[in-house]
Amino acid sequence: MPDSSSAHWDDAYARGETSRSWYQAEAKESLEFIERTTISPASSVVDIGGGASTLVDGLLDRGYTDLTVVDLSDEGMSAARRRIGAAADAVQWIVADVLTWEPGRTFDLWHDRAVLHFLTDDQDRAAYAQRAAASVPSGGWATIGGFAPDGPTQCSGLPVRGASSDDLAELLAPHFVPVHAAAITHTTPGGNDQAFAWLVAQRR
């Protein structure tokens, strides 16, 4: 993963998390796709690359109690902790690279919005898929979204690799079975439209 240092992402978040292209006031699509799974508020969820994402806010509001956020940037997660306040103490916040992270446990749901598309190398993408498979038990879920093939070719100064929902399903096979796919348009704070592809899949 090129230039994946924590410093790069700390600098990006230091410019203001609400101005970042990926910002959402509400993680609407993520929450909708999570609702397509069979998990409940008692289930464990890991948000890969969660940073300052508002997904954790939405899950806490829905009563989820076993939440983990993994990101390269402590700056991004600090922004989320400040926003959430005292409720942040109920969340596990981990600064780590998903490709080298060893969680030491499994999760009922693996969520990723926009980490995978920064992995442009086939070997890194395969390692990512193996990490997801090892982190989710049989019957668990993965909800993954990222730039579609007709989406941006760069983000935050880094190259990205678009993928369709079918591409995501192929990457996760044979460990996950596709359940739902969707094409979504994300409008950035600057008013630009970005094509995203999403996949909801269940662990075999």
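Biologist: Which residue caps the N-terminal end of α4?

Modeller: S73 does. This is a predicted model, so treat each value as computed. A side-chain oxygen of S73 lies 3.3 Å from the backbone nitrogen of E75. S73 itself is found in the loop between β2 and α4.

Biologist: Is S73 buried or exposed?

Modeller: Start with the cut-off. Buried means under 20% relative accessible area. S73 has 0% relative accessibility, so S73 counts as buried.

Biologist: Which residues does S73 touch, if I skip those up to four places away in sequence?

Modeller: S73 touches W9, D10 and Y13.

Biologist: Now helix α4. Which of its residues are buried?

Modeller: First, the general idea. An α-helix has 3.6 residues a turn, so residues three or four places apart point the same way. Now this case. Helix α4 covers residues 74–84. Its buried residues are G76, M77, S78, A79, A80 and I84.

Biologist: What follows α4?

Modeller: G85 follows α4. The phi of G85 is positive, near 80°.

Biologist: Let us turn to the strands. Why is β2 largely enclosed by the rest of the structure?

Modeller: Count its buried residues. Strand β2 spans residues 66–71, and five of its six residues are buried, so β2 is largely enclosed by the rest of the structure.

Biologist: In which sense do β1 and β2 pair?

Modeller: Strand β1, residues 44–48, pairs with β2 in the parallel sense, over five bridges.

Biologist: How many bridges join β2 to β3?

Modeller: Five bridges join them, and the two strands run parallel. Strand β3 covers residues 91–95. Here V69 stands opposite W93 in β3. With α4, the strands β2 and β3 make a right-handed β-α-β unit.

Biologist: How should I picture side chains along a strand?

Modeller: In a regular strand the side chains alternate between the two faces of the sheet.

Biologist: Where does F176 lie?

Modeller: F176 lies in strand β8, residues 176–187. Its relative accessible area is 2%, so F176 is buried.

Biologist: Which residues are in contact with F176, leaving aside neighbours within four places in sequence?

Modeller: Among them are A132, A133, V136, W141 and A142. The list also includes A201, Q202, R203 and R204.

Biologist: How many residues apart in sequence are F176 and S6?

Modeller: They are 170 residues apart in sequence. In space, the C-alpha atoms of F176 and S6 are 30 Å apart.

Conventions:
Residues numbered from 1 in each chain as written. Predicted model: local features only at pLDDT ≥ 70, side-chain atom pairs only at ≥ 80, totals over all residues. Heavy atoms only, no water. Buried < 20%, exposed > 50% of the residue type's maximum accessible area, 1.4 Å probe, protein only. Helix = DSSP H or I, 4+ residues; strand = E, 2+ residues; numbered from the N terminus. Pairing = 2+ DSSP bridges. Right-handed = clockwise from strand over helix to strand, strands pointing away. Contact = heavy atoms within 4.5 Å. Polar contact = N/O pair within 3.5 Å; in protein donor to acceptor, adjacent residues only side chain to side chain.
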